[in-house]
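Have a look at the model first.

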Amino acid sequence: MKLYYSETPNPRKPCAVAKHMNAPVEFVHVELARGEHKMPAFLAVNPNGKTPALADGDVHLWEAHAIMAYLAHKSGSDLWPSDPVLQIEVMKWLNWDTAHFSRHAGRLWFQRFLKGAIGAGDPDTAEVEEATGFFKQFAGILDDHLKGRDHIVGNRLTIADFGVATFMPLADQAELPLEAFGEVRRWSDRLMELDAWREPWPSDYSTLG
Ligand SMILES: N[C@@H](CCC(=O)N[C@@H](CS)C(=O)NCC(=O)O)C(=O)O
């Protein structure tokens with residue numbers, strides 16, 4: 001089973017899950033700066049040309065959330081709960097995250113960090129203002145939900161926690177407005193205590209090129 005990754009926000013999630021479960025995964029590093037994600041060897045696994053991707057025999061997967069679920073399912077881990085209602089709860093939060101929470105956190109990270117890092121210019125003030133408004137709206141929903149809980153679903157660690165936390169390790173770079181959301185900060189700090197989330201990148205990997 002090969003997990004293709006780059007050291008960027010979306011691959012962080014399946015890398016952390018694989019490391020946390022000590023899953024039998026061969027990590028393959030994809031160098032975005034060299035355009036390896038657009039090369040035929042990688043496009044054969046993920047025609048979208050984006051990391052992460054996973055190849056397990058005939059199974060080719062893309063989308064970080066699907067890959068996390070597959071890894072947990074293959075290992076028989078409750079990170080992907082066996083109870084169908086809890087599975088649906090996990091899907092609810094992961095879909096919500098893609099559409100709302102990490103979407104707007106990602107916009108802020110792009111404007112305030114990535115653009116500068118890749119020489120794509122200064123932050124767009126209107127974009128930052130709009131993304132900040134949406135981020136606060138959805139952080140409020142998460143903050144309310146986390147009152148009295150340590151985890152997002154079923155009060156135990158699931159892939160929903162890794163999914164929704166995508167941009168939390170990058171909160172300083174993105175200058176995420178988290179001051180008013182103490183529950184979100186508490187939950188994220190606790191997640192950061194997990195070795196696999198704090199240090200998700202493998203030390204043993206092969207390269208694509
Ligand atoms: N929805 C995809 C997004 C994947 C994605 O955008 N990956 C980024 C790295 S975080 C990438 O490969 N970017 C290179 C590109 O778009 O050219 C997922 O969740 O896996």
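In which sense do strand β1 and strand β3 pair? Antiparallel: β1 (residues 2-5) and β3 (residues 53-56) are joined over three bridges, with Y4 partnered by A53 of β3. Strands here are DSSP E runs of at least two residues and helices are H or I runs of at least four, numbered from the N terminus; strands pair if DSSP finds at least two bridges between them.

Before going on, some housekeeping. Residues are numbered from 1 along each chain as its sequence is written. This is a predicted model, so local features need pLDDT of at least 70 and side-chain atom pairs count only at pLDDT 80 or more, while totals for chains, interfaces and linings use all residues.

Zooming out, the open sheet has five strands in the order β4-β3-β1-β2-β5, with mixed pairing. At its edges sit β4 (59-62) and β5 (206-207), each pairing on one side only.

Now for the inside. The largest nonpolar core has 52 residues, and L3, V17, M68, A72, A105, I159 and A160 touch the most other members. Such a core is a set of buried Ala, Val, Leu, Ile, Met, Phe, Trp, Tyr and Cys residues joined through C-beta atoms within 7 Å; buried means 20 or more other C-beta atoms within 10 Å of the residue's own, with C-beta atoms placed from the backbone. Helix α4 (residues 84-117) gives this core its largest share, seven residues.

Key
A residue is buried if 20 or more other C-beta atoms lie within 10 Å of its own, exposed if 12 or fewer, and partly exposed in between; C-beta atoms are placed from the backbone.
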